[in-house]
Amino acid sequence: MTTTDLEADAVRGGEPLKRSLARALRRQKMRALLLIAPLLIFIFVGFLMPIVSMLTRSVENNIVQDTLPQTVAALQDWDIDSEDLPPEAVFRAMAADLQIAIPDRTALQVARRMNFEAAGWTTMMRRALRAVPDWDLETDGPFRERFLDLHRDWGSLETWRALKAYSSEYTTGYYLAAVDRTMVSGHVEPLPDNQSLHLMLFWRTAWMSGLICFLALLLGYPVAFLLANIKERHANLLLILVLLPFWTSLLVRTSSWKVLLQDQGVVNQFLVWIGLVADDNRLTMINNKFGVIVAMTQILLPFMILPLYSVMKTIPPSYVRAAKSLGATDWTAFWRVYFPQSVPGIGAGAILVFIMAVGYYITPELVGGPSGMFISNRIAHQWYVSGNWGLVGALGTILLLAVLVLYWVYDKVVGIDNVKLG
Amino acid sequence: MALPTYASPLQRIWYYTFRVICGIIFFYLMFPILVIIPLSFNAQDFFTFTPEMLALDPAGFSLKHYEDFFTNSDWQQATRNSLTIAPMATLISVSLGTLAAIGLSQSHVPFKRAIMAILISPMIVPLIISAAGMYFFFSAIGLQGTYWGVVLAHAILGIPFVIITVTATMVGFDRSLTRAAASMGAGPVKTFFKVQLPLILPGVISGSLFAFITSFDEVVVVIFVGSAAQQTLPWQMFIGLREQISPTILAVATLMVGLSILLLATLEMLRRRNEKMRGMSPA
């Protein structure tokens, strides 16, 4: 064939081969994307966007400005470090704003917002709710004295400093609260110790997850090793003992731990029966950190064993045999030859278990008690009890960022497309 | 790892010690699941073995907790809710997930890694964050506290599992088969149902089992997105465990263990069938 023949071949249908190949490739890509699109849109609209929009609540703070626009404007000229109360104009603006806000029922929302930062706002606002609508803005001044008569906190510097500090449309306030800081005085400072909880909880979540991860590795490695090194028929049978817990409801496993670890539970009953523990001195194993660690290690153990096993299965036994034939002891052969080859499995299992543990809610809630609480439980508490959605967003963002970093590491180490289940 | 005949005494000791250690770990894995089964037949309202039970006296056992489960209207309603929500959620995640998994396993997919990362993310994001986010979203579009709200939320949570299992089976799929079907005149739809689907069916089924159990076990998201009318079995258990723990929970737990054994057996059967089919093909 000559070159001209080839060229003639390539220009089939008047189109160069290169271009028609490119078109075919483009069509193939389009088809793949079309197949993925419905799901991608579903996840995007139903999952990613809601989470992002929930997290933006952590910086949104328009309630103060929207409800008390004149007051916020009047406070602009007042120095937050000043030792004097704001001028009469601010109090008058407050009265004017409240006269609009009270019928709109937004005044209490401001009080609720400010209450997240400093206690006492609800009472102050309730007093104002009763009196302010009857005031005549033209004739009833000066308003500073009138506010002070309602509640003495209207005359405290802290009140106005806090209001000014948290009046901007976007705030870092919730993030500061999420790391136990406040700016009620106009400057960032640590919260008093009795209100500082979040950093401790983040730290506790991290170290307990780390410990659970380590324990799961300690217990999971021998089991995976055994499974990978016995006859496949036996391994498949033993694997059921790993897969059954994996498939059993999380709630079932948590409730059985609750039953087992109680003061009157099976474990204590057994310990009393064999005489290790006195009947009137039963061990407290639940509603503390111990209970959470024992239960979560058991619950997450299959997530460690399965990736380890799938890596160990691929390690050829001939390497260890070769090492031994060259004079290595059992230990050296394991530690220098086998173990390094199992490290990818350790990475996969450990990161997976850690990611899952960090976000755990159910188990710490049911067997943790106050001392075994994780950060997720705090988020749920802020949601239900305080309704502080900004703080939920801020705590959630920090937790999510930590998880995303781990997810990224997992992708680098294992590859998302290599996740295996059972 | 059989013990060779020339093993030294030390090696022998270690060989058996290692097996004992593994036995203890298996015990730790299984004991909490197994122990609730006999406890659920307790004739008393206790969570421990009564002396009658330990003596295997028939008077110590009864079915009263099961009776309570089957007659109590709260538990029955919860069971019905779980059984109507989980299959619908499974259907949605499996149909969309399978389609996407087929798309993802084509040879040229732009942004494959990023897409994969997004589709797997519902499994990674802490549930409490997903739940809070979905609460606001479903409230805004009027689905909060409705059946469909819970179904869609659960469908999202089940998708990563479908994607993972179906893409895993797609890896072993012989692409020339679809080409062969096309060359013989079958359209893409017919090729899919007659050639592709039967071959990837084990993956699709195990994916749907995962999606089903995800929805069936899920507590956090349903509490946020659902209302009392969508109270599911795990939700009812969660309330029972947090407030007053009633022994009926043990009966429910035992039934749920039965369900997981059933699911596991199905999966195991599928795996064997799949292996056999692959063993026959001249790979």
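Student: Helices here are DSSP runs of H or I with at least four residues, and strands are runs of E with at least two. How many helices and strands does chain B have?
Tutor: The model is a predicted one. Read along the sequence, chain B follows the pattern α-α-α-α-α-α-α-α-α-α-α-α. The secondary structure of chain B therefore comes, with runs counted by these rules, to 12 helices and 0 strands.

Student: What radius of gyration does chain B have?
Tutor: The C-alpha trace of chain B spans about 75 × 75 × 30 Å along its principal axes. For a compact globule of 283 residues the radius of gyration would be near 19 Å, but that of chain B is 24 Å.

Student: Which helix gives the most to the side of chain B that touches chain A?
Tutor: The contact takes 75 residues from chain A and 76 residues from chain B. Several helices of chain B each supply at least two residues of that side, including α4 (73–104), α9 (188–217) and α1 (9–39). Its residues divide into 2 charged, 11 polar and 63 nonpolar. With 14 residues, the helix that gives the most is α1(B).

Student: Which residues have the most contacts inside the largest nonpolar core?
Tutor: This core has 165 residues, and helix α15 (residues 289–312) of chain A gives the most to it, with 15 residues. Leaving aside neighbours within four places in sequence, A:Leu300 is in contact with A:Ile212, A:Ala216, A:Val353, A:Met356 and A:Ala357. The residues with the most contacts inside the core are A:Leu300 and A:Val353.

Note on methods:
Residues numbered from 1 in each chain as written. Chains lettered and ligands numbered in written order. Predicted model: local features only at pLDDT ≥ 70, side-chain atom pairs only at ≥ 80, totals over all residues. Contact = placed C-beta atoms within 7 Å. Nonpolar A, V, L, I, M, F, W, Y, C, P; charged D, E, K, R; others polar. Core = buried A, V, L, I, M, F, W, Y, C linked by C-beta atoms within 7 Å. Buried ≥ 20, exposed ≤ 12 C-beta atoms within 10 Å, placed from the backbone. Rg over C-alpha atoms; globule rule 2.2 N^0.38 Å.
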